[in-house]
Amino acid sequence: MLDVDSIREYCLKKKGKITEGFPFGEDVLVFKVEGKIFLLMRLDTNPLTINLKCEPEQAIELRERYEAVQPGYHMNKRMWNTVTLDGTVPPKEILKMIDHSYVQVVITLSRTIQAKLLPQ
């Protein structure tokens, strides 16, 4: 089961300039790559919830596959999902979703940065 510490550690190991902070208040931990958000974690929910960027068609597929995956809370519902970490989504799948969110943000950055951060 993933928790705050394991998700934080996973995010901080990503390539590029990874930062964490609380720009929306003390209850929401935000991870950014090169200054752009790729994961938000609500610390005041039990079970824990995270918001992840997602390619729109894949976002719908994940919502249909898992009840714990819903349109992004306070986000663009087309491109963001809120995932409740209630144990119904396998941890391996959640890590894949985090990876996908990171890539979705990196592909919006300059080609120079993309070349450094994405596998060739």
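**Charges, rings and core in a predicted model**

Colleague: In which strand is Lys 53 found?

Modeller: This is a predicted model, in which local features need pLDDT of at least 70, side-chain atom pairs count only at pLDDT 80 or more, and totals for chains, interfaces and linings use all residues. Residues are numbered from 1 along each chain as its sequence is written, and side-chain values use heavy atoms, with hydrogens and water left out. Helices (H or I, at least four residues) and strands (E, at least two) are DSSP runs, numbered from the N terminus. On that assignment, Lys 53 belongs to residues 49-53, that is, strand 4.

Colleague: Which residues is Lys 53 in contact with, leaving aside its neighbours within four places in sequence?

Modeller: Contact means heavy atoms within 4.5 Å. By that criterion, the partners of Lys 53 are Phe 38, Met 79, Trp 80, His 100, Ser 101, Gln 104, Val 105 and Thr 108.

Colleague: Why is the pair of Phe 38 and Tyr 102 edge-to-face?

Modeller: A search of the whole structure gives one aromatic pair; rings of Phe, Tyr and Trp (its six-membered ring) pair if their centres lie within 6.5 Å, and planes under 30 degrees apart count as stacked, over 60 as edge-to-face and the rest as tilted. The ring centres of Phe 38 and Tyr 102 are 5.7 Å apart, and the pair is edge-to-face because the planes stand at 80°.

Colleague: How many residues apart are Phe 38 and Tyr 102?

Modeller: Both residues are buried, and Phe 38 has a relative accessible area of 0%. Their pair links distant parts of the chain, with Phe 38 in strand 3 (residues 36-42) and Tyr 102 in helix 3 (residues 91-106). The separation of Phe 38 and Tyr 102 is 64 residues.

Colleague: Which residue lies over the face of Tyr 102?

Modeller: A charge sits over a ring if NZ of Lys or CZ of Arg is within 6 Å of the ring centre and within 35 degrees of the ring normal. At 5.2 Å from the ring centre of Tyr 102, the residue is Lys 14.

Colleague: How far apart are the closest N and O atoms of Arg 8 and Glu 20?

Modeller: The whole structure holds six salt bridges. In the one between Arg 8 and Glu 20, the closest N and O atoms are separated by 2.6 Å. Arg 8 lies in helix 1 (residues 4-12) and Glu 20 in strand 1 (residues 18-21), so the bridge ties together parts 12 residues apart in sequence. Arg 8 is partly exposed at 33%, as is Glu 20 at 33%, and the N to O distance is 2.6 Å.

Colleague: Which residues do salt bridges that share partners join into one network?

Modeller: Glu 93 and Lys 96 meet in a salt bridge of 3.7 Å, N to O, and their three-residue spacing in helix 3 separates them by about one helical turn. Glu 93 is buried at 13% relative accessibility, whereas Lys 96 is exposed at 52%. The network consists of Arg 65, Glu 93 and Lys 96.

Colleague: What is omega for the cis peptide bond that joins Asn 46 and Pro 47?

Modeller: Pro 47 is in the loop between strand 3 and strand 4. The bond from Asn 46 to Pro 47 is cis, with an omega of about 5°.

Key. Buried < 20%, exposed > 50% of the residue type's maximum accessible area, 1.4 Å probe, protein only. Salt bridge = Lys/Arg side-chain N within 4 Å of Asp/Glu carboxyl O.
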